[in-house]
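Reader: I'd like to go through this one by asking what stands behind each label. Please set the numbers against the definitions as we go.

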Amino acid sequence: MKKFAVLFALVVSSSAFARQYIQCSSSDIYSTEVAVVNLTTPTSGTFFASSGMQNSEDERLLVDIAFEKVEKGVSYFKVVDSRGEGTVTVPTEVIGKKSDFLKVTMSLMGAYQEYSCFSRIYND
């Protein structure tokens, strides 16, 4: 019931939702990987990852994501892409809010990455 209530609140609030831009860098100090989670609604958006903007475009990934579930304070977004199944996680408490620090994870096609991020809200 709690999951339903959270999902219902997300859907109802989507009409007043401003775009949320979450900018990230790898938590691994030896990695140059960067990522962006762009939530255009509380239930959908895009995930972009790159091994570094200085590298070629074939080392970049852009996929659509869609809300899947909330579990233990974490919102799971499934990757909606033909390249394979995957998940992006965002702490539920920061969705729709500015945050100076949050952790995001991505698992896709057997790869796993944890990111250190900040979040901003934009009224486009």
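Predicted model: local features only at pLDDT ≥ 70, side-chain atom pairs only at ≥ 80, totals over all residues.

Reader: What makes both faces of strand 6 count as covered?

Author: In a regular strand, side chains alternate between the two faces of the sheet. On one side of strand 6 you have Gly 86, Val 88 and Val 90, on the other Thr 87, Thr 89 and Pro 91, and all of them are buried.

Reader: How do you know that strand 6 pairs with strand 7?

Author: Two strands pair if DSSP finds at least two bridges between them. Four bridges join strand 6 (residues 86-91) to strand 7 (residues 99-108), so the test is passed. The two run antiparallel, and Val 88 sits opposite Met 106 of strand 7.

Reader: And what is there between strand 5 and strand 6?

Author: Five bridges, again in the antiparallel sense. Val 74 has Pro 91 as its bridge partner in strand 6. The hairpin of these two strands has five residues between them, and Gly 84 there takes a positive phi near 145 degrees.

Reader: What about strand 4, which partners does it have?

Author: Strand 3 pairs with strand 4 over seven bridges, and seven bridges also join strand 4 to strand 5. Both pairings are antiparallel. Phe 48 stands opposite Leu 62 in strand 4, and Lys 69 faces Tyr 76 in strand 5. Strand 4 and strand 5 form a hairpin with two residues between them, and Lys 72 in the turn has a positive phi of about 50 degrees.

Reader: How many strands make up the barrel, and in what order?

Author: Eight, in a closed barrel that runs 1-2-3-4-5-6-7-8 with antiparallel pairing. From one strand to the next, the twist averages 30 degrees (axes are lines fitted to C-alpha atoms, for helices over the stretch in contact, with angles from 0 to 180 degrees between N-to-C directions). The chain has one helix besides its eight strands, in the order α-β-β-β-β-β-β-β-β from the N terminus. Those elements are DSSP runs numbered from the N terminus: helices are H or I with at least four residues, strands E with at least two.

Reader: What makes a set of residues the largest nonpolar core here?

Author: A nonpolar core is a set of buried Ala, Val, Leu, Ile, Met, Phe, Trp, Tyr and Cys residues joined through side-chain atoms within 4.5 Å. The largest has 25 residues, of which Phe 47, Ile 65, Val 88, Val 104 and Tyr 115 touch the most other members. The largest share of this core, five residues, comes from strand 4. Contact means heavy atoms within 4.5 Å, and beyond four places in sequence Ile 65 is in contact with several residues, including Phe 47, Phe 77 and Val 88.

Reader: Why is Ser 26 called buried?

Author: Its relative accessibility is 11%, so Ser 26 counts as buried. Ser 26 lies in strand 1 (residues 19-26), and its side chain reaches the backbone nitrogen of Asp 28 at 3.0 Å. Leaving out neighbours within four places, its contacts include Glu 33 and Tyr 115.

Reader: Buried or partly exposed: which is Ser 116?

Author: Partly exposed, because its relative accessibility is 26%. Ser 116 lies in strand 8. Ser 116 and Ser 25 are 91 residues apart in sequence, yet 5.6 Å apart in space, C-alpha to C-alpha. Among the residues that Ser 116 touches beyond four places in sequence are Cys 24, Ser 25 and Phe 101.

Reader: What share of the whole chain is buried?

Author: Buried residues make up 37% of the 124 residues.

Note on methods. Residues numbered from 1 in each chain as written. Heavy atoms only, no water. Buried < 20%, exposed > 50% of the residue type's maximum accessible area, 1.4 Å probe, protein only. Polar contact = N/O pair within 3.5 Å; in protein donor to acceptor, adjacent residues only side chain to side chain.
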